[in-house]
Amino acid sequence: MNILTVSGARKRYGSVQALDGASFELRTGELLALLGPNGAGKTTLIRAISGRVRLDGGEIRVFDQPVAAGRTPRVLGIVPQELAVYSLLTARENLEGFGRLHGLAGAELSKQVDWALERTGLADRASEPVKQFSGGMRRRLNIACGILHHPRIVLLDEPTVGVDPQSRDRIYVTLAELAAEGVSLLLTTHHLEEAEARCSRTVIIDHGRVIASGTLPELVDQTVGRHRLVTLRLNAPLATDQIPRLRVEIDPADARQVRARMTDVATDLPPLLDGIRAAGGAVDDVEVRGPSLQAVFIHLTGRELRE
Amino acid sequence: MLTLLGIGWKNLKRDRVAQTLTFVLPIVFFSIFASVFGGRGDDPTPRVSIAVVDEDQSEFSRRVLEALGKESALRVRAAAPNAPALDRPGAERLVRNGDVPVAVVIPKGVGAGFEERGFAGSGTSIVLLADPSDPVAPQMVQGLLQKVTMTAAPDLMMQGGMKQFERYAGALTPEQRKSVDDWIPRLKADAGTPGSGATGGAPMSMPVQVIDVMRTDDRKGSLISFYAAGIGVMFLLFSAVGGAGGALLDEAESGTLERLLSTNIGMTGLLAGKWLFLMLIGTAQLTVMFLWGRVAFGLPLFSHIPGFVVMTVVTASAAAALGLVLATLARTRAQLSGFSTLLILTMSALGGSMFPRFLMSETMQKMGLITFNAWALDGYLKVFWRNAALWELWPQVLVLSVLAATFLGLARLLARRWELV
């Protein structure tokens, strides 16, 4: 079931077309990665879903209800890119404050605060002022404040920026637990390997338009194809006349490293090894890599710098 | 070293706000303060408003009051059309209410005594009913009274002087009498012209009695309340702007504003909450200031609690609302800081926080009424100096409440930029 549907969203700021007909949907209990280069329109899209941007065209529906500009649907939980917490307050005080503003009170509020602290691994630091927290702890508290009121959909704008691998792991464990409970999560990130490993689906946006969406295998099929990249490290550079015959690429930074694309590694790799041996070379190391989200992303958005 | 100078110069050259704060703001302040404290070409002297009461109804009293009316430094407050002439209790009321700082009363018998004996012991003094919160006006009116009694009735003074002479030195000869009688009409004709009159003679002066109509038991303490209010209101504005502006802009920057707006509270609720908090903080701030005034300087706070509470609450409400307007108007902290400093210091200078308004030129006094400070200070002055009843504070309460409501409405309108983009 699509609990969030974005259809043809358009928004222009002066001469900049921030959203140019973006469309996608979020399904129940999925962790959807919204990827795109800087300035692609990700944050505008997140803000539009939360009712903070008045669209020039298109529509956003949450549980089949149109999102009214200026009014955040109550089923949404927002985790902004900024660390939106009060640093002089303790973690518990922050959560209690935002919880009350979300309409929680009494025993329910206490229960939810404890739950959010537990979920984000902050229970033992709940009484410390946030200013004493590390970047990772603040990020986790930022998430706790966004999920405290049991939203059905959580929007997370770069939730793992600037945190160590341990905190990052904890954050994704929390998000996976929420997804397992049926909460739908949409997150933006520039950590493509994270999106690849942790998210069930990916939407790639560029110039305000969704240019691809699907699971990683679907995206690979749509773009770079399912070949493997085989990298061989030789004991010495190959003779120049051998290269066309072996159909390999030489790494421009290191002549002893060659690459080849193979659709079927089991069939194509042995002849290549034989060819190298016959040309007088010796192989020190072999690395076989499948198509990555990084490759898909670069394929779709290009290598040119955007800013 | 040169590299650092270069970096500093480039930063300054590209930062418009820093340039404005460095070069334009001081000039703007200078101009405002020069206007407030120095007066300007066409309006150099503050005019003192006075009320006059003629109990004597003599030729002398008529001429003195007429001459006072012609003095450029004075503005004689006339009785309302068709109203009876002002009497002494009416004049005292005007002074007590702060409508005029001084009332001149010429009691019965002054004119007769003057005509009989000149300045030499007329026995009855001219009375000045004064409000000592303005220390300058009574002195000024006293000086002008001496001048006009000399210049307005030299003939009467001569007649009185000659009568006094004859009383102690014997009658004049017929020739001397004729000569004096010829001279007196000339003196009368010269009356009121500058430089005329017996100004170069012996130390003679019209006896004047100054009465403090406020009858303040604790004058020093009451004056302290004026300064407590002046400084208190100025810093109330600074803290309201710093608190509200800083908080809102910080919240916008840190993302908490976005988060707050995604809750059930909404922008109206958010602004109302901020306003209430700032109002309570402002009330506490003024209370602490007056309590300190009570402890350290003997300010009579506890005998004026109801008036103090009313004025403090409405003043803090309006200041908090103004803080919200400035906060929603500014885009950055630098803008907020520059603009609010300019506005607050200007309002404080014009409104009497730094320098009593009654000592300013008339134009500046009128201009002061557009400021928030002037109304707040007038209210505190009524409470602590004039011992006004609560209902008498209605103009100040009304104006400050309307200002607070207007500011809140404006802030709500301006805050729309945070709600939707």
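Colleague: Which residues is Leu117(A) in contact with, once its neighbours within four places in sequence are left aside?

Modeller: This is a predicted model, and in it Leu117(A) is in contact with Ala91(A), Leu95(A), Leu122(A), Ala123(A), Ala126(A) and Ala144(A), leaving aside those sequence neighbours. Each of these pairs is called a contact because the C-beta atoms, placed from the backbone, lie within 7 Å. Leu117(A) itself is found in helix H3 of chain A, which covers residues 106–119.

Colleague: Why does Leu117(A) count as buried?

Modeller: The label requires 20 or more other C-beta atoms within 10 Å, and Leu117(A) has 21 such neighbours inside that distance, so Leu117(A) counts as buried.

Colleague: How far apart are Leu117(A) and Arg92(A) in sequence and in space?

Modeller: They are 25 residues apart in sequence, while their C-alpha atoms are 7.9 Å apart in space.

Colleague: How many residues of chain A are in contact with chain B?

Modeller: On the chain A side there are 20 residues, in contact with 14 residues of chain B. Strand S6 (76–79) and helix H2 (91–101) of chain A each supply at least two residues of that side, which by class has twelve nonpolar, five polar and three charged residues.

Colleague: What makes up the contact between the domains of chain B?

Modeller: Chain B is divided into domain 1 (48–212) and domain 2 (219–419), and eight residues of domain 1 are in contact with seven residues of domain 2. On the domain 1 side, the residues that touch domain 2 divide into three nonpolar, three polar and two charged.

How values were computed
Residues numbered from 1 in each chain as written. Chains lettered and ligands numbered in written order. Predicted model: local features only at pLDDT ≥ 70, side-chain atom pairs only at ≥ 80, totals over all residues. Domains from an automatic or database assignment. Contact = placed C-beta atoms within 7 Å. Nonpolar A, V, L, I, M, F, W, Y, C, P; charged D, E, K, R; others polar. Helix = DSSP H or I, 4+ residues; strand = E, 2+ residues; numbered from the N terminus. Buried ≥ 20, exposed ≤ 12 C-beta atoms within 10 Å, placed from the backbone.
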